Amino acid sequence: MSSSGTGNRLLATLPPADFHLLAPELETVVLGQDAVLSQAGDRIEHVFFPHSGAISLMADMADGRTVATAMVGREGAVGSLSVLGPSPSAITAIVRAAGTAARVPASRFYAAFSRSPAIRHAIQIHIRAILVQLQLGSACNALHPVEARMARWLLQVRDRIDDDVLPLTQQALSQILGVRRTTVTLLMRNLRASGAIKSDRRGHIEIDPTRLAAAACECHDNIRLEVEDIFSAKPARSYIMAAQDDRRMSGDESGDAA
């Protein structure tokens, strides 16, 4: 497997030498619908780099309620915060649209992360993209109607699977939005009446992207454009600066080391 052939946008940014730090233990796995990739409170055992599909990062509340905080697809990773140490996962990651991913043990990922400025830069890109979702999503949850928020989440899934038929149940949407299933039923009825949703058959929702975008708040476009700006930044200078920082920290460029 080469970095350019993985289908994951983060891995595709890695030079061959840096990718090969991960390659010996990278394996392609199937992400089954509704599979739990990490559970809040459990130790992170693997890092997943999706090739396809969509994964929601969920916050679990003490009373059993859940709400989605971010959506990850082929642009990102799940479990990458294992580089901070062997602490329990703060979120539950659930596959919402089936796909495949490159999976690597967290221990191998941590070792490669420690050695490679390019890998560290790729994870910085990912974390910045997640922070955009967290920040704008928090504002969206506080300020925008639930119907507009549901339209945003539907579009975020579509962005990752590039299909107008979304493999989502009303129960999944209830978990993502943090609302009752009866609320989702009412919202679906309203979106169908506006033409934003063409059909809602069991386990699948067919959407009209243009009309759904009109029903969504501005947060969908804002998040998408902000994330694209992050990924479009030229990486070469960051690699060079990271390598220089490493040398300074080791004393190679320190004036006191002479």
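1. Buried here means under 20% relative accessible area, exposed over 50%, and partly exposed in between (1.4 Å probe, protein chains only). At 14% Glu-75 counts as buried, and so does Arg-160 at 17%.

2. Some ground rules: this is a predicted model, where local features need pLDDT of at least 70 and side-chain atom pairs count only at pLDDT 80 or more, while totals for chains, interfaces and linings use all residues. Residues are numbered from 1 along each chain as its sequence is written, and side-chain values use heavy atoms, with hydrogens and water left out.

3. Glu-75 sits in the loop between β5 (66–72) and β6 (92–97) and Arg-160 in helix α5, so the pair ties together parts that are 85 residues apart in sequence. Helices (H or I, at least four residues) and strands (E, at least two) are DSSP runs, numbered from the N terminus.

4. The whole structure has eight salt bridges. Among them, Arg-65 pairs with Asp-63 at 2.8 Å between the closest N and O atoms; Arg-65 is exposed, at 55%. Asp-200 and Arg-192 pair up too, at 3.5 Å, and they count as partly exposed at 25% and 35%.

5. Have a look at Arg-149, also in helix α5 (residues 146–161). Arg-149 is buried yet has no salt bridge, and the nearest side chain of opposite charge, Glu-147, is 11 Å away. The Arg-149 side chain does reach the backbone oxygen of His-144, at 3.5 Å.

Technical notes. Lys and Arg count as positive and Asp and Glu as negative; His and the chain ends are not counted. A salt bridge is a side-chain nitrogen of Lys or Arg within 4 Å of a carboxyl oxygen of Asp or Glu. A polar contact is a pair of N or O atoms within 3.5 Å; within protein, one must be able to donate a hydrogen and the other to accept it, and residues adjacent in sequence count only if both atoms are side-chain atoms.
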